Amino acid sequence: MKLKRVLKWSASVILLALVVWLFIAYWRSTNECDRKTAVHNPTKAILHCEYGGPEVLKVEDVEKPVPNDNQILVRVRAASVNPLDLTIRGPLLLRPLFGMRKPKDTRLGVDYAGTVEAVGKNPAAAGQFKPGDEVFGGKNGALAEYVCVLADRSVVPKPANMTFEQAAAVPVAAITALQGLRDKGKIQAGQKVLINGASGGVGTFAVQIAKSFGTEVTGVCSTRNVDLVRSIGADHVIDYTKEDFTKTDQRYDLIFDLVGNHSFSERRRILNPNGICVMAGVGGAGWHDGMGMRLAGELNAYVRSRFVSLKFIAYIAQFNKQDMTFLADLMQSGKMTPVIDRTYKLNETADALRYLEQGHARGKVVINLE
């Protein structure tokens, strides 16, 4: 009886402490918008001082960044938006990381392409870059006229045969596709690969990257996107409005699933022995109907695959210079060309996110800062 009372009181104390911590964290949550400072050398950037939909985004004057010894200053010519940017809505489960009451980081965007304007004082760190060079890469706060980036990280020369808009469409989506297929899916020449969600931002890159490895690619998309998916190299295209790819006699060595709308058993049935299903998304952008059920289904698939020969794998992509260089080489060789659905201006970023949130974008949505 004493043990039960101790456990009961301990649980109550822990719960009370958690509630107090959340309350304090909520009211102490703040960001740079609450600390008004004078801007001496203004430049434009997209900010979101509050959580909410695209309507909370504002084009504001911020201090022009100055590169430290190991950085380069890039004048951004184009950027692109990703589902990640829709965290501006402040999902409750993520607020302990992003800020309880207000977002800690008010800047938006990751993908960019532009021109080097200045380099840091450390020539070894600046490496191959000099003012005037055209580059692209990934950096938090990329929806701005200028960004400072570490020269030895995820920034590489822009291929000469790509526009700034095309290069800006690449980083997040293409590196997600590359690492999912190559590192998690163990893709090999001659394999049969199925890409579910082949017409979206990641999917259009996945089709082309899978083809570059010498595989036979089947893309799954809606009727209006069949011709697009075929045009970027898919050997076979399945219109999911007319045919369920899990009910065919075809078997695959690798499934790259960006939708997550089929069960473990359905996908297992069309995988070859020792096949791999890489779970790279749950369809659409932002929170949408059925997303919770799909997340639960993917977790179930991951757990159940621990007890069979085939694998269901989830992952988080990571930027690195080597993979960015690999993607640049694919574009330079003509093996990968970004698909751009729509282009917006910086002051139209909210409209760009509204369109992305609808979940029907074909390829990428790009922001032009020219």
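Colleague: How many bridges join strand S8 to strand S11?

Modeller: Four, between residues 192-196 and residues 252-257, and the two strands run parallel. Strands here are DSSP E runs of at least two residues, and helices are H or I runs of at least four, numbered from the N terminus. Leu 194 has Ile 255 of S11 as its bridge partner.

Colleague: Where did the model come from?

Modeller: It is predicted: local features need pLDDT of at least 70, side-chain atom pairs count only at pLDDT 80 or more, and totals for chains, interfaces and linings use all residues. Residues are numbered from 1 along each chain as its sequence is written, and side-chain values use heavy atoms, leaving out hydrogens and water.

Colleague: What is the strand order in the open sheet of six?

Modeller: S10-S9-S8-S11-S12-S13, with parallel pairing; two strands pair if DSSP finds at least two bridges between them. S10 (236-239) and S13 (311-314) are at the edges with a single partner strand each, so one side of each has no neighbour in the sheet.

Colleague: Switching to helices, which strands does H5 lie across?

Modeller: H5 (residues 171-184) lies across S8, S11, S12 (271-279) and S13. Contact means heavy atoms within 4.5 Å.

Colleague: And how many of its 14 residues are buried?

Modeller: Eleven of the 14 in H5, where buried means under 20% relative accessible area with a 1.4 Å probe, protein chains only. Among them are Pro 171, Ile 175 and Leu 181.

Colleague: What comes just after H5?

Modeller: Lys 186, with a positive phi of about 55 degrees.

Technical notes: Axes are lines fitted to C-alpha atoms, for helices over the stretch in contact, and angles run from 0 to 180 degrees between N-to-C directions. Buried means under 20% relative accessible area, exposed over 50%, partly exposed in between (1.4 Å probe, protein chains only).
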